[in-house]
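Subject: Handover of the protein–DNA model

Dear colleague,

I am passing on the structure below, together with notes on what turned up when I went through it. Please read the notes with the coordinates open beside you.

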2 protein chains.
Amino acid sequence: MDDKFAHIRHIGRFEDKIHATEITEISRLSLHDQVALRLRTLLVEGAIPPGAKLNERELCTLLKVSRTPLREAIKLLASEGLVDLLPNRGAVAVKLTETDVIHSFELLAELEGMAGDLAAQRITDAELAELRALHFEMMASYAREDLPSYYHLNALIHSALIRASKNPLLIKTYNNTNARVQSLRYHTNHDAEKWKLAVKEHENMIEALTARDSIRLRKILTVHLQHKRDTVIDLLRTGKLYPDTQSTP
Amino acid sequence: MDDKFAHIRHIGRFEDKIHATEITEISRLSLHDQVALRLRTLLVEGAIPPGAKLNERELCTLLKVSRTPLREAIKLLASEGLVDLLPNRGAVAVKLTETDVIHSFELLAELEGMAGDLAAQRITDAELAELRALHFEMMASYAREDLPSYYHLNALIHSALIRASKNPLLIKTYNNTNARVQSLRYHTNHDAEKWKLAVKEHENMIEALTARDSIRLRKILTVHLQHKRDTVIDLLRTGKLYPDTQSTP
DNA sequence: GCCGCACAATTTGAATGCAACTGTCTTCGA
DNA sequence: TCGAAGACAGTTGCATTCAAATTGTGCGGC
């Protein structure tokens with residue numbers, strides 16, 4: 001219990017990545033925002049496993065900040081649905097039940113369908129070209145069976161698509177909702193069949209987008225998200241997720 | 001500048017209302033939650049006008065709490081999009097531009113359409129009966145031209161409909177999004193023609209819901225929200241909203 | 001007379017200290 | 001031996017205090 005957070009001692013690399021790319025911006029970010037950023041990463045990537053208690057004092061020493069900004073960050077993450085806030089008993093990383101996952105993907109499918117609909121109407125030629133480029137890069141990763149790279153590009157593509165909807169509020173809402181299930185999707189290792197299907201769906205996506213066919217794109221994305229949901233549900237049912245933590249309903 | 005918040009000195013009544021109905025529950029609520037609740041009301045009802053600066057010290061003395069829970073509440077409201085957080089310069093009540101309003105309603109229409117779709121599939125007979133009852137109460141208020149009562153029942157109906165979708169995440173997302181434009185809708189005084197149309201749309205809603213026609217209900221709600229958006233936009237354009245504050249883009 | 005710089009006052013941001021609550025362990029009684 | 005009650009440790013919640021940043025003002029130079 002002493003080194004419960006030993007598995008997140010390597011968080012320095014995230015800070016490095018941030019500092020390397022946007023050092024000026026991070027320094028202008030308030031402390032609680034930086035803390036929120038790092039905690040969010042830890043939660044989404046599963047470094048803090050679902051169901052784990054967030055001890056304020058431990059996290060203070062770990063992140064080298066006072067309790068005030070840490071608490072503000074935790075409050076923020078609670079509003080995003082990444083942690084549960086138990087009154088007088090602190091915060092725990094959310095552990096989604098199967099029902100929660102179904103509800104999350106139900107909303108996520110609608111939001112991504114909506115974003116696709118709008119994107120098909122509003123995407124610029126430059127954005128479309130970039131999206132196609134990312135798609136082909138992802139196809140390359142697929143051909144090499146480079147799963148991490150595939151996963152990364154996949155996320156980039158979806159992010160670019162959402163942004164093409166040109167609705168900042170939708171983008172923010174989608175990101176919040178997506179963050180909740182991100183830690184689950186992070187651990188899905190595609191089987192060959194599902195992977196192939198997902199790639200095919202991505203091809204259809206690009207096709208519909210090129211044709212500016214908003215209705216078709218909406219449909220494709222909705223179904224695509226349903227398949228993603230099924231993958232996660234499968235993993236939940238077979239107990240591949242949460243292997244070493246008992247359920248807390 | 002000394003009594004800039006003189007217009008919200010009457011907030012005691014909100015506290016009274018809460019205490020009268022659920023004193024046990026409120027006492028179990030943490031302080032920052034209570035503060036957030038009251039600030040949210042002040043913002044949504046326009047007691048703190050859009051664009052107004054939220055001075056921490058003033059609000060502390062006004063709400064009789066320390067700065068810590070107040071700051072936590074403000075952070076929460078910022079994540080909900082009710083206030084803008086300027087680094088080192090505090091928070092201001094959001095002042096939505098026309099573009100913001102369009103984006104908000106775009107998302108709101110989709111969410112309410114989705115909720116209606118799900119509600120038509122999942123609503124219980126008891127819930128439907130209650131919804132019909134509320135509808136007829138609202139019709140009574142319409143007949144009496146009792147606008148405050150109509151507005152209140154209207155909100156209750158929409159809330160009940162959303163809840164019938166049985167998706168807690170959708171409900172929460174809808175409420176958050178709705179809160180952003182609530183302060184605007186709070187000041188819309190329907191003209192006779194638009195009011196009549198809104199009532200007709202509500203009748204169609206109940207009809208579609210009774211028939212469990214999810215696709216039709218979705219369509220009705222989407223259009224209904226578009227009309228509400230047009231009403232708000234009209235008000236923005238004619239300058240009926242924000243009469244005494246200059247625009248800050 | 002106007003522009004610029006510097007200093008001070010106000011306000012926000014962060015840290016520490018104190019109080020209240022929760023959970024657990026021990027001890028006493030049945 | 002088991003159960004319950006009380007005390008203690010640990011953790012969270014809130015208040016106060018200290019530090020940093022920004023804005024407004026006044027003085028001096030151009």
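Predicted model: local features only at pLDDT ≥ 70, side-chain atom pairs only at ≥ 80, totals over all residues.

Most residues other than glycine have a negative phi. B:Lys166 lies in the loop between α7 (147-163) and α8 of chain B. In chain A, A:Lys166 has a phi near 65°, again a positive value in a residue other than glycine, and it is found in the loop between α7 (147-163) and α8 (168-185) of chain A. A:Lys166 has 17 other C-beta atoms within 10 Å, so it is partly exposed.

Next, the sheets. In chain A, 3 strands form an open sheet in the order β1-β3-β2, with antiparallel pairing. The edge strands are β1 (53-54) and β2 of chain A, each of which pairs on one side only. α4(A) packs on this sheet, where it touches β1, β2 and β3 of chain A, and its direction makes about 115° with that of β2(A). Strand β2 (residues 83-86) of chain A is joined by 4 bridges to strand β3 (residues 90-93) of chain A, and the two run antiparallel. Within this pairing, A:Leu86 has A:Gly90 in β3(A) as its bridge partner, while the bridge partner of A:Asp84 is A:Val92. β2(A) and β3(A) form a hairpin with 3 residues between them, and A:Asn88 in the turn has a positive phi of about 65°.

In chain B, 3 strands likewise form an open antiparallel sheet in the order β1-β3-β2. β1 (53-54) and β2 (83-86) of chain B stand at the edges with a single partner strand each, so one side of each is left without a neighbour in the sheet. β1(B) pairs with strand β3 (residues 90-93) of chain B in the antiparallel sense over 2 bridges, and in β3(B) the bridge partner of B:Leu54 is B:Ala91. α4(B) packs on the sheet, touching β1, β2 and β3 of chain B, and its direction makes about 115° with that of β2(B).

By class, the residues of the surface near DNA strand C divide into 4 nonpolar, 9 polar and 5 charged.

DNA strand D is surrounded by 18 residues, the closest being A:Glu56, A:Gly90, B:Leu31, B:Ser66 and B:Thr68. Two or more residues of the surface near DNA strand D come from each of α3 (56-63) of chain A and α2 (31-44) and α4 of chain B, and the largest share, 3 residues, comes from α4(B). The surface near DNA strand D has 4 nonpolar, 9 polar and 5 charged residues.

The contact between the two protein chains takes 17 residues from chain B and 19 residues from chain A. On the side of chain B that touches chain A, α4 (67-79), α5 (98-122) and α8 (168-185) of chain B each supply at least two residues, with the largest share, 6 residues, coming from α5(B). That side of chain B divides into 7 nonpolar, 6 polar and 4 charged residues.

Finally, helix α10 (residues 214-237) of chain B has 24 residues, which at 1.5 Å a residue should span 34 Å, and its end C-alpha atoms are 34 Å apart, which agrees. The buried residues of α10(B) include B:Leu217, B:Ile220, B:Leu221, B:His224 and B:Lys228, and the buried residues of this helix pack against α5, α8 and α9 (192-210) of chain B.

With best regards

Key:
Residues numbered from 1 in each chain as written. Chains lettered and ligands numbered in written order. Contact = placed C-beta atoms within 7 Å. Nonpolar A, V, L, I, M, F, W, Y, C, P; charged D, E, K, R; others polar. Expected span 1.5 Å × (residues − 1). Buried ≥ 20, exposed ≤ 12 C-beta atoms within 10 Å, placed from the backbone. Near = placed C-beta within 6 Å. Pairing = 2+ DSSP bridges. Axes fitted to C-alpha atoms, helices over the stretch in contact; angles between N-to-C directions.
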